[in-house]
There are 2 protein chains.
Amino acid sequence: MKNIIIASTSILHGGDYLDYLLPRLSLHFLNCKTILFIPYARSGGISHEEYTSKVALAFAKINKTVKGIHEFEDAAEAIQNAEGIFTGGGNTFLLVSQLYKNKIMTILADTVKKGTPYLGTSAGSNICGLTLQTTNDMPIIYPPSFQTLGLIPFNLNPHYLDADKQSTHMGETRETRIKEFHAFNTIPVLGLREGSWLEVLGEKIILRGNLSARLFRQNKIAEELESGSDLSALK
Amino acid sequence: MKNIIIASTSILHGGDYLDYLLPRLSLHFLNCKTILFIPYARSGGISHEEYTSKVALAFAKINKTVKGIHEFEDAAEAIQNAEGIFTGGGNTFLLVSQLYKNKIMTILADTVKKGTPYLGTSAGSNICGLTLQTTNDMPIIYPPSFQTLGLIPFNLNPHYLDADKQSTHMGETRETRIKEFHAFNTIPVLGLREGSWLEVLGEKIILRGNLSARLFRQNKIAEELESGSDLSALK
């Protein structure tokens, strides 16, 4: 049975890394001593080792050990043997390219579908949808496909940002960009504001956190969903 | 000899479509009665016909007629016979996909290199660089390649936006995104603020407009370039 947390962000303004989620994560990863961390989305500034250390520091607060997938000879085996899995944020194009390059996109999807607890934040959440097409990231690498894990039957827009009505900037708003997506695609898109997350238990999908989320569907007016909303029927 | 205007935006806040550029455009397209418009970037809301009408309305102010490329049987021929060419904004992934699908990416590049006056705004400017990898747009369509026209030997980030220091949003700033690009790519990136444009005359590239532009190079500190700067040596 799927057991997944899909979070908009790893960090809230003024907070520490993962802090706001830790109480929930100690339940989510209750039966795990060690979490397998996938740092592939990180593109610069810090190495996979440094990124993994930062994650380990956060998980130490709830008495979990963290191992980076780059520490294993066989990435596929590491995923299949993991007690729990966390994919962190960064650049979604890079993450998707690395998952394909290491031939673990399907293995990761299958493993999580079978019940290994999974946490995604930002880019690690984006890949839970059907495609990466509603990411905010720059296409810094050309991936072999835009298809992602498909753990949920719709797409996400993490770090969802409402239009700033004071702005004089003429670039497209997030809502306009998602509307452009819907000119060519029927997949629903959930704009997850920072501090919101989805809980997936089997086929049940519930919106959590303090904020509402914004749901975009092709040829429909966007709607606000309150925290606690059941998204299981959305597709 | 190349004769190109590459503008960050088609419209300034509070202005009308193309208004701020019209005095410059009447010189740029001095010997053109008719401009060929490429509306391919537009993904929704308005049709190619409506988009072309909007452009025609603006160009009528400087006594130019506009024809949309979709009005021609043979798109390649339309480009080769054009007196002047304008590619408007919208979604860069869509624009690039359409240029490849209609087999005119190379023909457009060759034609503009030979001297047909070209104007790009936003997505139409993005494609003047080497690749689409520094676009702000959502990847709503999977293009056969990220390579673009290569009319200039570097990449652009149109609608360049400085970080808002008051913001509590934890998504990446534009500067961070461009740094991610440089973790894997050596191509310089010019952040063009709204109201700025590049003038390309032969191999000469000059920054125009009232604002400075922000230049990003791999392993170098970003720098501000004043209007009037010569970018001909940048690559």
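How many aromatic pairs does the structure hold over all chains? The count for this predicted model is 17 aromatic pairs.

Begin with A:Phe29 and A:Phe59. Their rings form an edge-to-face pair, 5.9 Å centre to centre with 65 degrees between the planes. Now show the secondary structure of chain A: A:Phe29 belongs to the loop between α1 (22–28) and β2 (34–38), while A:Phe59 is part of helix α2 (residues 48–60), so this contact ties together parts that are 30 residues apart in sequence. Colour by accessibility next. A:Phe29 is buried, at 0% relative accessibility, and A:Phe59 counts as buried at 0%.

Move on to A:Tyr160 and A:Phe216. The ring centres are 5.7 Å apart and the planes stand at 50 degrees, so the pair is tilted. A:Tyr160 sits in the loop between β6 (155–157) and α7 (174–182) of chain A, and A:Phe216 in strand β10 (residues 213–216) of chain A; the pair therefore ties together parts that are 56 residues apart in sequence. A:Tyr160 is buried, with a relative accessible area of 4%. A:Phe216 also counts as buried, at 4% relative accessibility.

Then select A:Phe93, A:Tyr142 and A:Phe146 along with B:Phe93, B:Tyr142 and B:Phe146: together they form one aromatic cluster.

Finish in chain B with charges over rings. Which ring has the charged end of B:Arg42 over it? That of B:Tyr51, with the charged end 4.1 Å from the ring centre. Last, select B:Lys67, which lies over the face of B:Phe72 at 5.0 Å from the ring centre.

Definitions and conventions. Residues are numbered from 1 along each chain as its sequence is written. Chains are lettered from A and ligands numbered from 1 in the order in which they are written. This is a predicted model: local features need pLDDT of at least 70, side-chain atom pairs count only at pLDDT 80 or more; totals for chains, interfaces and linings use all residues. Side-chain values use heavy atoms; hydrogens and water are left out. Rings of Phe, Tyr and Trp (its six-membered ring) pair if their centres lie within 6.5 Å; planes under 30 degrees apart count as stacked, over 60 as edge-to-face and the rest as tilted. Helices (H or I, at least four residues) and strands (E, at least two) are DSSP runs, numbered from the N terminus. Buried means under 20% relative accessible area, exposed over 50%, partly exposed in between (1.4 Å probe, protein chains only). A charge sits over a ring if NZ of Lys or CZ of Arg is within 6 Å of the ring centre and within 35 degrees of the ring normal.
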